[in-house]
Amino acid sequence: MVENLKDSGEVKYVFPGYDGDFVVKPKLDLRVLFIEPTTRCNLKCEVCFKQHWMDQEGEMEWGLFEKILKDAAKFPRLETIVFGGIGEPTLHPRINEMIERASKMGFKTYVTTNGLFFDIPELLELVEKGLTGFYFSVDYMPTSETPIQHVSAGLVLERIKYIATWREKLGKPFIGVQVVVTKYNYKNLPGLVRVLKNHGVDEIVISNLIPVHHSLRDAIVYDGSVNMEPVVEELEKLASRGVRLRLSLFSLKTERRCLFDEARATIVRWDGEVSPCYRFLHSYKEYVFGREKQVNHYSFGNVKNKGLDEIWMSREYTRFRFVTRNYFYPSCTDCWLKESCDFVRSSDADCWANQPSCGDCLWARNLIQCPIPV
């Protein structure tokens with residue numbers, strides 16, 4: 001049921017509940033917009049979704065990007081645009097222009113990158129175009145190697161250190177680093193944080209691994225197989241000395257919290273599809289505490305056909321945000337029926353009639369974290 005409030009021009013939706021109806025009035029309150037410029041990448045990291053999916057590769061057309069920016073201007077509280085997704089954004093041939101256009105419109109702009117495709121002058125050129133900050137990927141110490149290492153840490157750290165030195169003249173950019181924790185690198189986390197602090201990093205996001213292939217199932221540290229308490233204690237001491245540390249949990253807890261939703265964020269895929277978060281951006285298999293699950297791409301509309309504001313304010317997307325914000329969905333991850341329930345086999349639906357389902361989402365459990373500028 002939907003009603004237009006004629007006097008105020010607002011829209012309200014009425015959603016049925018067990019003991020009464022919920023009345024929800026959506027607002028144009030989007031604050032963080034993620035844009036996926038491309039799904040192409042210059043690396044082939046085994047831990048990445050991209051190596052194990054069947055999705056089509058592609059990159060965003062310029063006309064579509066201009067349409068997104070035009071729609072973005074309709075959101076009065078939108079402050080930040082992050083160029084990210086599953087792929088290396090700097091591979092898009094017009095990423096410099098994308099950053100420049102968005103920055104000139106007054107948006108804070110960030111890019112998530114492995115830091116290897118561009119050399120240092122090209123990275124600094126992004127800053128000159130208006131880039132607010134970087135989120136680099138560094139998973140291990142330069143002196144160590146692991147069977148599932150992400151990128152060449154030495155080269156990335158070299159770039160980070162140079163940018164931090166150059167930043168002293170301009171006061172920007174912000175430098176963030178994403179670290180994915182596995183059984184192969186967890187002991188070295190405190191040492192890595194010390195190195196990153198010495199290199200001038202502002203924020204370190206320490207997240208866990210989502211196994212996207214059966215060979216990675218035993219690499220996680222949040223299943224009780226590893227005692228993370230000493231590591232966490234040391235990391236917390238380091239965090240109190242000048243660097244912002246966003247630390248994931250390392251065991252399953254009852255509380256659920258979706259930072260992506262709380263930040264009022266959404267993401268537009270390279271082809272214009274609007275997904276509510278990274279998890280539903282593409283289709284792939286994930287292993288939730290060893291249990292195989294098919295996660296399928298979900299879109300609330302395509303900005304080629306509708307305005308981003310129209311999609312955001314739609315009944316379907318409003319209901320999804322209402323459900324996730326209030327956690328009106330089952331806790332599949334620790335449900336005693338999870339080994340026999342058909343619903344947990346995919347993300348399509350759950351036993352509370354939600355489509356798609358967040359019941360098995362490890363992001364909501366704070367085991368996985370997104371690079372959300374907050």
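## Charges and a buried helix face

Lys67 is partly exposed, at 25% relative accessibility. This is a predicted model. Lys67 forms a salt bridge with Asp71, and their closest N and O atoms are 2.7 Å apart. Asp71 is buried, with a relative accessible area of 2%.

Both residues lie in helix H1, four residues apart, about one turn of the helix. In an α-helix, residues three or four places apart point the same way, because there are 3.6 residues a turn.

Helix H1 spans residues 62-72, and its buried residues include Trp62, Phe65, Ile68 and Leu69. What do the buried residues of H1 pack against? Their partners are strands E4 (32-35), E5 (80-83) and E11 (265-268), along with helices H2 (95-104) and H8 (308-312).

The count of salt bridges comes to 22. Three of them are set out here.

| Salt bridge | N to O distance |
|---|---|
| Glu57 and Lys50 | 2.2 Å |
| Lys67 and Asp71 | 2.7 Å |
| Arg345 and Asp342 | 3.4 Å |

Glu57 is partly exposed, with a relative accessible area of 43%, whereas Lys50 is buried at 12%. Arg345 is exposed at 56% relative accessibility, and Asp342 is exposed at 55%. Salt bridges that share partners also join Lys67, Asp71, Lys74 and Asp309 into one network.

Some charges gather elsewhere. Asp119, Glu122, Glu125 and Glu128 form a patch of negative charge on the surface. Glu122 sits in helix H3, residues 120-128. Is Glu122 buried or partly exposed? Glu122 is partly exposed, with a relative accessible area of 32%.

Notes: Residues numbered from 1 in each chain as written. Predicted model: local features only at pLDDT ≥ 70, side-chain atom pairs only at ≥ 80, totals over all residues. Heavy atoms only, no water. Patch = residues over 30% accessible without salt bridge, like charges linked within 9 Å, V, L, I, M, F, W, Y side chains within 5 Å. Areas by Shrake-Rupley, 256 points an atom, 1.4 Å probe, with all protein chains shown as cover. Salt bridge = Lys/Arg side-chain N within 4 Å of Asp/Glu carboxyl O. Lys, Arg positive; Asp, Glu negative; His and termini not counted. Charge placed at Lys NZ, Arg CZ, Asp CG, Glu CD. Helix = DSSP H or I, 4+ residues; strand = E, 2+ residues; numbered from the N terminus. Buried < 20%, exposed > 50% of the residue type's maximum accessible area, 1.4 Å probe, protein only. Contact = heavy atoms within 4.5 Å.
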